[in-house]
Amino acid sequence: MEQQPQQQQPQQHRDQYIGGGWRPSLGSESIPVLNPATEEVIASVPAGTAADVDAAVAAARGAARAWGATPPAQRLEHLTRLRDGLAARQAEITGTVVAELGCPLSFATPVQAGLPLAVAHSYIEILSGFAFSEQIGNSTVHLEPAGVVAAITPWNYPLHQIVAKVVPALAAGCTVVLKPAEDTPLVARLFARIVDGAGFPAGVFNLVTGVGSVAGAALAGHPDVDLVSFTGSTAVGRQIAATAGAGIKRVALELGGKSANVVLPGADLARAVNVNVGNVMSNSGQTCSAWTRLLVHQDQYEEAVAIAAKAAAKYVPGDPASAETRLGPVVNARQRERVRGYIETAVREGARVAAGGAEAPEGLATGFYVRPTVLADVTADMTVAQEEIFGPVLSVIAYRDEEHALEIANGTAYGLAGGVWAADNDTAAAFARRMDTGQVDINGGRFNPLAPFGGFKGSGVGRELGRHGLEEFLQPKSLQF
Ligand code: NAD
């Protein structure tokens, strides 16, 4: 049985969810979970071993044929109960993500808890109307489940990234082993409890917490895994792709970005810049699709920098559990040092600090806080204009004309998201069509959880969300008559 929450004392979890129940981890090590605002240990989870992974994959393999053969209507019943479980536990989900990620309550409620619910709901609608077979000439083409899925997820949107992989995989008829990020395993355990309550057959969903280089690597390289779906850093993504390639496994990778928000002359500059600052500061800048490069025409440059600096000053770092807080800490000490290091590098390379800076924010001696920072005089070749920082840092870059803006926008290894603002949608959309990136918001177009999400170039392969996200977990089989 899973342990019940206790007051004050950090909870010491020792079990993994494998084969339809909680069972003791086969390893003896544990991973402490810290609250990034207080730096206190709030819980610990087992550091799963290769033996835990073997057990979980064996359970998933054992359940795969029967689950893959269920009629979609039966899977729909389970997924509806899962969706209802997510709906019933919104407050608990929010509280968990505030505590282990440091995400402010005001953002965690709609995004960390609300978005996964919306995504789970979207798959109920998609599955209800999805055609798993079609006739092509003398062939009947069946879309069959890909098999056993390894889902390896990061900490920045911990439940969303779990739901965006696990729910479509289950909807497709796949079975899953989830290895969540070390920093945010508690919401993953809560998700496993919700899955458990939804009555899925044993082995259809399994959770192994653990360290990436041990449990993650064992799962990604497991011979009995058919498809690896990974979100995280480029370095690990590259390793996973190589391992998957050697084992002829399918792979989906979501590896982050350095997205450009391009403000063309004639656009509403104040709105474009204010929305950009909100976009970067949300979740302390720990968003793979964040518009971390703001591109403005050289004639409007100083005006844009001033607007951005003023907007950034409204993101006063503070306690994420307080309803007023708009900017919490970053996830851990390593990330804080990394982000501060990038700000220092920018200054060394000639950037000007228009707001924030690398120093610790005043009055916050405890917690992994970083000042909301706007960097001006950034040029396209600087480190901060090329590398993903994953912190509350916006770089403002000047362009000469539209061609120059396009060259800068497309001039990184990444291509995940972006924004374009212009006097009219047609002008913005024409520019967006020339950007090498997977998603572009036109004049502030809002996030659509049904639209395919994923990257061009170094941002990865494959798509999540919506119908495209379901198709990632299917493979066609053609029968000729
Ligand atoms: P990471 O890539 O190390 O971790 C992501 C997941 O992969 C975690 O579950 C981790 O345990 C697992 N993992 C780590 N090594 C593994 C291995 N060898 N085999 C299999 N799985 C492994 O990312 P991180 O260290 O948490 O963050 C580092 C940087 O990655 C961030 O600063 C950011 O730039 C980027 N990042 C991007 C996203 C995104 O949404 N694209 C999310 C988180 C982090």
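A polar contact is a pair of N or O atoms within 3.5 Å; within protein, one atom must be able to donate a hydrogen and the other to accept it, and residues adjacent in sequence count only if both atoms are side-chain atoms. The legends below describe a predicted model, in which local features need pLDDT of at least 70, side-chain atom pairs count only at pLDDT 80 or more, and totals for chains, interfaces and linings use all residues. Residues are numbered from 1 along each chain as its sequence is written, and side-chain values use heavy atoms, with hydrogens and water left out.

**View 1. The two domains of the chain.** Domain 1 covers 11–255 + 460–480 and domain 2 covers 260–449; these bounds come from an automatic or database domain assignment. The domain centres, taken over C-alpha atoms, are 30 Å apart.

**View 2. The interface of domain 1 and domain 2.** Contact here means heavy atoms within 4.5 Å. On this basis, 26 residues of domain 1 touch 30 residues of domain 2. The two domains bury about 2,200 Å² between them, with 61% of it on carbon and sulfur atoms. Buried area is the accessible area (1.4 Å probe) that two parts lose on being put together, summed over both. Ten residue pairs, both members at pLDDT 80 or more, are in polar contact between domain 1 and domain 2, whereas zero salt bridges are found across this interface. A salt bridge is a side-chain nitrogen of Lys or Arg within 4 Å of a carboxyl oxygen of Asp or Glu.

**View 3. The side of domain 1 that touches domain 2.** Helix H3 (90–101) and helix H4 (105–128) each supply at least two residues to this side. H4 gives the most, with six residues. Helices (H or I, at least four residues) are DSSP runs, numbered from the N terminus.

**View 4. The salt bridge of Glu92 and Arg193.** The whole structure holds 16 salt bridges. In one of them, the side chains of Glu92 and Arg193 meet at 3.3 Å, N to O. Glu92 lies in helix H3 and Arg193 in helix H6 (residues 185–197), so the pair ties together parts that are 101 residues apart in sequence.

**View 5. Residues around the ligand.** Of the 30 residues around the ligand, Trp155, Lys179, Glu182, Ser233 and Glu388 come nearest; a residue is near a molecule if one of its heavy atoms lies within 4 Å of it. A side-chain N or O atom of Lys179 is 2.6 Å from an oxygen atom of the ligand. For Asn156, a polar side-chain atom lies 3.4 Å from a ligand oxygen atom. Arg334 also places a polar side-chain atom 3.4 Å from an oxygen atom of the ligand.
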